[in-house]
Amino acid sequence: MTTANVDDREGLKLVLNTFKADAPLVKKLYLDGGYAGGPFEAWAKTMNGIEVEVVRRPDEGITLVGGIAQLPTNTPTEEQFQLAVEMARRGSKGFKVVRKRWVVERTFAWLLNFRRLKVDYEECMPISEGFIYAAGSCILLNRLCA
């Protein structure tokens, strides 16, 4: 956990520097579009030996202009073409399930079942982090005992 004025990529670099010693078997990270970029991916591979895969929305790059879907390339894939037709019919992008992203969203939903984590009003980051660990422990214990 970092303060709000730390960029996401810089914060992840701090985490990865300590993470490799704690979890040496991790070989791949799935990240959202905020972490895209060649320099960061190259840094993660060379410094930690971790491959980074940026997971994108399937309709990324498709825009609607006056009810007409604009494709990002002149040679769209079949999936992009179908998504563009669907967007033009509906008139908006709508909800799409993004590969691997559901794991993160599901984890947040489980953590938010704990009242103490619904509103983060802790003044110290280690205390907030401790409550997240405690909630995760409760979730795992419930799964083991059920």
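This is a predicted model: local features need pLDDT of at least 70, side-chain atom pairs count only at pLDDT 80 or more; totals for chains, interfaces and linings use all residues.
Me: How many aromatic pairs does the count come to here?

Reply: Residues are numbered from 1 along each chain as its sequence is written, and side-chain values use heavy atoms, with hydrogens and water left out. The count comes to one aromatic pair. The rule is that rings of Phe, Tyr and Trp (its six-membered ring) pair if their centres lie within 6.5 Å; planes under 30 degrees apart are stacked, over 60 edge-to-face, and the rest tilted.

Me: OK, why is the pair of F40 and W43 called stacked?

Reply: Their ring centres are 6.2 Å apart and the planes sit at 25 degrees, so F40 and W43 count as stacked.

Me: Where do F40 and W43 lie?

Reply: Both are in helix 2 (residues 38-48), three residues apart, which is about one turn of the helix. Helices here are DSSP runs of H or I with at least four residues, strands are runs of E with at least two, and both are numbered from the N terminus.

Me: Are F40 and W43 buried or exposed?

Reply: F40 is buried, and W43 is too. Buried means under 20% relative accessible area, exposed means over 50%, and partly exposed is in between (1.4 Å probe, protein chains only).

Me: Which residue lies over the face of W43?

Reply: That's K13, at 5.4 Å from the ring centre. A charge sits over a ring if NZ of Lys or CZ of Arg is within 6 Å of the ring centre and within 35 degrees of the ring normal.

Me: What does K13 form a salt bridge with?

Reply: With E10, and the closest N and O atoms are 3.7 Å apart. A salt bridge needs a side-chain nitrogen of Lys or Arg within 4 Å of a carboxyl oxygen of Asp or Glu. E10 and K13 are three residues apart in helix 1, so about one helical turn separates them. E10 is partly exposed at 40% relative accessible area, and K13 is partly exposed as well, at 23%.

Me: How many salt bridges does the structure hold?

Reply: Three. Another one joins the side chains of E51 and K28, at 4.0 Å from N to O. E51 lies in strand 2 (residues 51-54) and K28 in strand 1, so this pair ties together parts 23 residues apart in sequence.

Me: And which residue meets K28 in a salt bridge at 2.8 Å?

Reply: That one is E53. The pair links distant parts of the chain, with K28 in strand 1 and E53 in strand 2, 25 residues apart. Shared partners join K28, E51 and E53 into one network of salt bridges. For accessibility, E51 is partly exposed at 37%, and so is K28 at 34%.

Me: New topic: what volume does the largest pocket have?

Reply: About 1700 Å³. A pocket is found on a 1 Å grid over the protein atoms alone: it is an open set of points with protein on both sides within 12 Å along at least five of seven lines, while a cavity is a set where a 1.4 Å probe fits but cannot get out. Grid points are joined across faces, edges and corners, and the volume is the space filled by probe spheres set on the points.

Me: How many residues line the largest pocket?

Reply: 39, with L12, Y35, V104, T107 and F108 nearest its centre. Lining residues have an atom within 4 Å of a point. Among the elements giving two or more residues to that lining are helix 1 (8-22), helix 4 (101-111) and helix 6 (125-145).

Me: How many of the lining residues are nonpolar, polar and charged?

Reply: They split into 21 nonpolar, six polar and 12 charged. Ala, Val, Leu, Ile, Met, Phe, Trp, Tyr, Cys and Pro count as nonpolar, Asp, Glu, Lys and Arg as charged, and the others, Gly among them, as polar.
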